[in-house]
Amino acid sequence: MLIRPLAYKGPNDHLAQHFNEAQLYVGLQLLLNGNLIHWQHESSTQWIHGDFLDHTDTAQSLSDTIKAELAWPLTKDGNSCTCQLAKPCAHLAALAIESKRRLDQIIYSVKDFQEKSSLWSSELQWLNQQEFDPYPNMARHRLVYLLKRESDQFYISFYKAYLTQDNKYLLKDKFDFTQVNFQKLQKFISLTDQSILHQCLSLIDKGKAKAEENLLYFIDANDSDCNAMFFQMVQSKRCFWKASSRPPIKSQMTQQVPENLSRVTANAFFDVSHNQLIFVKNSHQSLPAIESIKPKLTLVSTQEYLPWRKGNPLQLDIGKVKFIVNDALEISSEVFIQAKQELSESHKQSIARHWREVQALPTVKARQEYPIYRQFDLADRYLDTSIGQLCVWLAGLHNEGWLIEFDHSFRLNRKTNDNWYLDLTENNDWFELELGIIVDGE
C-alpha cells in the first residue's frame with residue numbers, strides 16, 4: 001500500500017525535450033485507455049520495448065500490434081515505431097511516460113510511514129497549513145484592518161502598517177480606502193486586499209455602509225456581502241480587535257447560532273474572550289453508508305475574472321480531487337472533513353492515503369490568495385508543472401487506482417483552427433471589414 005507522495009525524478013522538462021504537448025497528451029490517453037499491453041526494459045542494452053493495441057482499429061488482433069522501442073535514458077536517435085504516424089509519435093511518447101513512471105519514481109521515507117493511525121490527522125493538518133504569501137521577502141508594508149465598536153455598532157478602520165522582524169504590525173498611516181485606484185495599486189495591497197476594498201466600495205454604493213476618512217460604518221450589516229467581507233479580512237490574518245499589537249482575529253465555523261455573543265453581521269458573531277469571529281453556515285452534507293471509495297482527479301482549465309481589474313483573466317490549470325463513493329456518488333474532501341464523525345477509521349485512512357499520494361503537487365491554496373482559492377476544494381491541486389512531468393504523475397496515479405478524467409475545458413482538449421479569413425470591401429467612401437474562421441466547411 002503506497003502511503004508516500006507520488007513523485008518522479010527531474011528535470012521537469014525531461015520528456016518535453018523529446019515530445020511536444022500534443023504527443024504527450026495523446027500518449028497519456030493511450031496509457032489510460034490500456035493500449036499499452038506489453039512493456040519490457042532490457043537492462044543490458046538499455047532499450048525499452050512496448051506493444052500497443054491500435055486505438056483506431058477495434059477489430060485488431062493481439063498478433064497485429066504496434067511495436068515501439070526507445071533508448072533509456074532518452075535520446076533523439078534510434079527510437080522507432082511501426083505505426084504510420086510521423087516520428088516521434090504518440091506511441092513513443094506513451095512508452096517514454098510509462099518508462100519514466102516505472103524507472104524514475106522517487107522513493108523516500110515519511111516520518112509516520114508505519115503509523116497508519118496518524119495518517120488522517122497528519123494529512124488534514126498538512127492541508128490546513130497550506131498557505132500562499134503574496135509578498136516578496138523584503139516587502140514589509142501591509143494593509144491592516146482594526147475591528148472596533150462604538151455604541152454597540154461595529155466598524156472597521158484601515159491602516160497602512162509596517163511588519164517588524166518579530167512579526168508585529170506597527171501602524172504608520174491612515175488608509176483612505178475610498179481613494180483607491182485599482183488600475184494603479186500600491187505594492188502592499190494584495191489580491192485579498194483588493195477584493196476586500198472592492199466589496200467595501202460596493203457596500204457604500206448600495207447604501208449598506210458609509211465611509212468617513214479611513215473608517216467604514218455599516219448601515220445594514222445583514223447584507224451577505226458584509227459577511228463575505230469580514231470572512232476575507234479574517235483570512236488575511238491582518239484583522240485585529242482594536243489594536244494591531246494583539247494577535248489577529250481567528251475564525252470558527254458553526255452550524256448553530258451562538259448565544260450571548262455580539263452579532264457583527266447576519267451570520268457572524270464576535271467572541272471577544274477568545275478573539276474570534278464565529279461564522280454560522282448551513283449544515284453539512286450527510287454521508288451515505290459507504291461500501292467503497294475510489295479517488296478521482298479531474299483536470300480543468302479555468303479563467304478567473306476579477307471585477308475590479310481590467311485586462312485578460314487569470315488562466316489556471318487545476319486538478320480537482322474527489323472521491324467516488326459506492327461507484328455512484330462524487331464527494332469532495334471538504335464534505336468528508338465536515339462529516340468526519342460519520343467516517344469509520346478505515347475510511348479515514350483510505351481517504352488520507354489518497355491525499356498523501358498527490359502531496360507532491362501543491363494545493364490551489366498554496367499557490368493563490370483567498371479570492372481565487374475559495375472557489376476550489378481544500379485538496380484541489382494547482383497544476384503548474386510541465387506537461388511531461390504531469391503526464392508521468394497522472395500515469396502513476398492511474399496505476400495506483402485513481403480515475404483520471406479530462407474536462408472539456410482543459411486546455412489540451414481545445415481545438416485550434418488556423419483556417420481564418422479576412423474580407424475587406426470598398427464601397428464609395430467607406431470600407432466593410434469581415435473577419436471569421438471556417439469550421440467544418442462553414
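Where does Asp327 lie? Asp327 sits in the loop between β16 (314–325) and β17 (329–332), where helices (H or I, at least four residues) and strands (E, at least two) are DSSP runs numbered from the N terminus. The residue has a positive phi of about 60° although it is not a glycine. At 66% relative accessibility, Asp327 counts as exposed, with buried meaning under 20% relative accessible area, exposed over 50%, and partly exposed in between (1.4 Å probe, protein chains only).

The model is a predicted one, so local features need pLDDT of at least 70 and side-chain atom pairs count only at pLDDT 80 or more, while totals for chains, interfaces and linings use all residues. Residues are numbered from 1 along each chain as its sequence is written, and side-chain values use heavy atoms, with hydrogens and water left out.

Now for the chain as a whole. The secondary structure comes to 9 helices and 21 strands, and the C-alpha atoms fill a box of roughly 85 × 80 × 45 Å along the principal axes. Of the 442 residues, 48% count as buried. Among contacts (heavy atoms within 4.5 Å) with a separation of 6 or more, 62% come from residues 24 or more positions apart. The accessible surface comes to about 23700 Å², and 46% of that belongs to carbon and sulfur atoms; these areas come from the Shrake-Rupley method with a 1.4 Å probe, and for residues only the protein chains shown count as cover.

As for charge, the chain has 47 positive and 54 negative side chains, with Lys and Arg counted as positive, Asp and Glu as negative, and His and the chain ends not counted. The centres of the two sets lie 10 Å apart, each charge being placed at NZ of Lys, CZ of Arg, CG of Asp or CD of Glu.

The largest pocket holds about 1500 Å³ of space. Of the 44 residues that line this pocket, Phe231, Gln235, Lys365, Tyr370 and Tyr373 are the closest to its centre. A pocket here is an open set of points on a 1 Å grid over the protein atoms alone, where a 1.4 Å probe fits, with protein on both sides within 12 Å along at least five of seven lines; lining residues have an atom within 4 Å of a point. Grid points are joined across faces, edges and corners, and the volume is the space filled by probe spheres set on the points. At least two lining residues each are supplied by α3 (119–129), α5 (224–235), β11 (250–254), α6 (333–338) and α8 (370–373). Strand β11 gives the most, with 5 residues.

Most residues other than glycine have a negative phi, and most peptide bonds are trans. Besides Asp327, with its positive phi, Asn260 has a positive phi of about 60° although it is not a glycine. Asn260 is found in the loop between β11 and β12 (262–265) and is exposed, with a relative accessible area of 79%. The peptide bond from Gly10 to Pro11 is cis, with omega near 0°, and Pro11 belongs to the segment before α1 (21–32). The bond from Lys87 to Pro88 is also cis, again with omega near 0°; Pro88 is in the loop between β4 (80–81) and α2 (90–103).

A handful of residues can be followed individually. Ser190 lies in the loop between β7 and α4 (191–205) and counts as buried because its relative accessibility is 5%. Leaving out residues up to four places away in sequence, Ser190 touches Pro134, Tyr135, Arg238 and Glu369. Gln199, in helix α4, is buried too, with a relative accessible area of 13%. Beyond residues up to four places away, Gln199 touches Asp225, Ala228, Met229 and Gln232. Gln199 and Ala96 are 103 residues apart in sequence and 50 Å apart in space, C-alpha to C-alpha.

Two strand residues come next. Leu171, in β7 (residues 169–174), counts as partly exposed at 37% relative accessibility. Apart from its neighbours within four places in sequence, Leu171 is in contact with Val144, Leu146, Tyr159, Lys160, Ala161 and Ser244. The C-alpha atoms of Leu171 and Leu143, 28 residues apart along the chain, are separated by 9.3 Å. Glu434 is found in β21 (residues 430–437) and is partly exposed at 36% relative accessibility. Between Glu434 and Leu422, 12 residues apart along the chain, the C-alpha separation is 5.8 Å.
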